[in-house]
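User: I would like to learn how to read side-chain contacts in a model. Could you take me through some, one kind at a time?

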Amino acid sequence: MQMSRMMTAVEAHAEGEGGRVITGGMPLLRGNSVFEKVQDMQANHDDIRLFMLREPRGNPALCCNAIVPPCDPSADAGFIVMEQTEYAPMSGSNAICVTTVLLETGIIPMVEPVTTLRLEAPAGMIEVRATCRAGKVERVEFDNVPAFVAHLGVPLDVPGFGTVTVDIAWGGMWFVIADAAAFGIDPVADQGGAAVRAIEAMRHAAAEQYPVAHPDNPALVGPTIGQIIAPPIEEGTHGRGAISVSSGPFDPARPERLSGALDRSPCGTGTCAKMAVLYAKGLLGVGEEYVNASPIGTRFTGRIERVTKVGPYDAIVPSLSGRGWIHGVSQWMLDPSDPFPQGFTIGDIWG
């Protein structure tokens, strides 16, 4: 067998969201921070992201992570988050998958009952606490990067849907957030197609009408992702949401077309952005928890640990916890005669 590439990965998910973790085959990435390594990967090695996420090796809802050496000497590892249309600066579900893989495969020694570690994400450092028993990571909790609101309760003209009221907040990614009821949608699994169409239209409109940049890193611009939210329906939860991970360019002339896939988890950065909005509205305080449910009923638990400032913005430092599971180990190979070295997409499921 002749191969021009071989990648080793551990297949994992966090509360339903697939987070493939590359453990072997990555090139040496250059940079003085994990964020700079992301820039190097995007400029020189983006074929790996496409190879791992597009068909026949991937699917629209899949995320992928690369474990990389950290640049901060206090960190135990670094990780790069790859999605279908971007490199996410931070991701809660992917941080949980990466932690689970690092500990359950022995890349970092597991300490029971709690392993503490520091992970360098492109958005910054996160402090992780993993509850472990009998060689299994039972739960991962981490202190996320600070979250804050850039725009609260502003009108947004959404093609095909009219004007809706939205919030734009940073939770590790730039989110545009609106009530699901404004679109006549219930964020449950069987309304996933309608939810994706509404969220992608909203995201595209927000990027044009309310462009934002992170005050500490102006290269982190958005909004690049959106979510619609709703009241809780299950005991023990405080709210629900649906988040669309874009899988292709949005066509404003055809807003009815799909161009994404729902996050199967409650979305960690989305939960943190939502908590920042609730704090800004006076509806959630320091030390209070927020249990967020996904369209399939899985849960992340967030909590406001303390308040801080990010540039001109009042911000919170949120923690987030959830569970991850390993469900496979794979080796992905590229035959040099394969006509699809960077995979492909087809409009039946990719938009």
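This is a predicted model: local features need pLDDT of at least 70, side-chain atom pairs count only at pLDDT 80 or more; totals for chains, interfaces and linings use all residues.

User: What describes a pair of aromatic rings?

Analyst: Such a pair is described by how far apart the centres are and by the angle of the planes. In this structure there are five aromatic pairs. One of them joins tryptophan 170 and tryptophan 174, with 5.6 Å from centre to centre and 65 degrees between the planes, which makes the pair edge-to-face.

User: Are tryptophan 170 and tryptophan 174 buried or exposed?

Analyst: Both tryptophan 170 and tryptophan 174 are buried.

User: Which residues do ring pairs link into a cluster?

Analyst: The cluster consists of Phe148, Trp170, Trp174 and Tyr313.

User: Is glutamate 11 buried or exposed, and what about arginine 20?

Analyst: The cut-off for buried is under 20% relative accessible area. Glutamate 11 has 10%, so this residue is buried. Arginine 20 has 5% relative accessibility and therefore also counts as buried.

User: Which residue forms a salt bridge with lysine 281?

Analyst: The partner is aspartate 167, and the closest N and O atoms are 3.5 Å apart. This pair links distant parts of the chain, 114 residues apart: lysine 281 is in the loop between helix 5 (268-280) and strand 17 (289-293), while aspartate 167 belongs to strand 10 (residues 162-170). Lysine 281 counts as partly exposed because its relative accessibility is 46%, whereas aspartate 167, at 7%, counts as buried.

User: Where in the chain are arginine 303 and glutamate 289?

Analyst: First the contact: their side chains meet in a salt bridge of 3.4 Å, N to O. Arginine 303 is in strand 18 (residues 299-310) and glutamate 289 in strand 17, 14 residues apart, and the pair links distant parts of the chain. Arginine 303 has a relative accessible area of 22%, so this residue is partly exposed. Glutamate 289 is partly exposed too, with 40%.

User: Which residues are linked in a network of salt bridges?

Analyst: The network links Arg129, Glu141, Asp143, Glu289, Arg303 and Glu305.

Methods: Residues are numbered from 1 along each chain as its sequence is written. Side-chain values use heavy atoms; hydrogens and water are left out. Rings of Phe, Tyr and Trp (its six-membered ring) pair if their centres lie within 6.5 Å; planes under 30 degrees apart count as stacked, over 60 as edge-to-face and the rest as tilted. Buried means under 20% relative accessible area, exposed over 50%, partly exposed in between (1.4 Å probe, protein chains only). A salt bridge is a side-chain nitrogen of Lys or Arg within 4 Å of a carboxyl oxygen of Asp or Glu. Helices (H or I, at least four residues) and strands (E, at least two) are DSSP runs, numbered from the N terminus.
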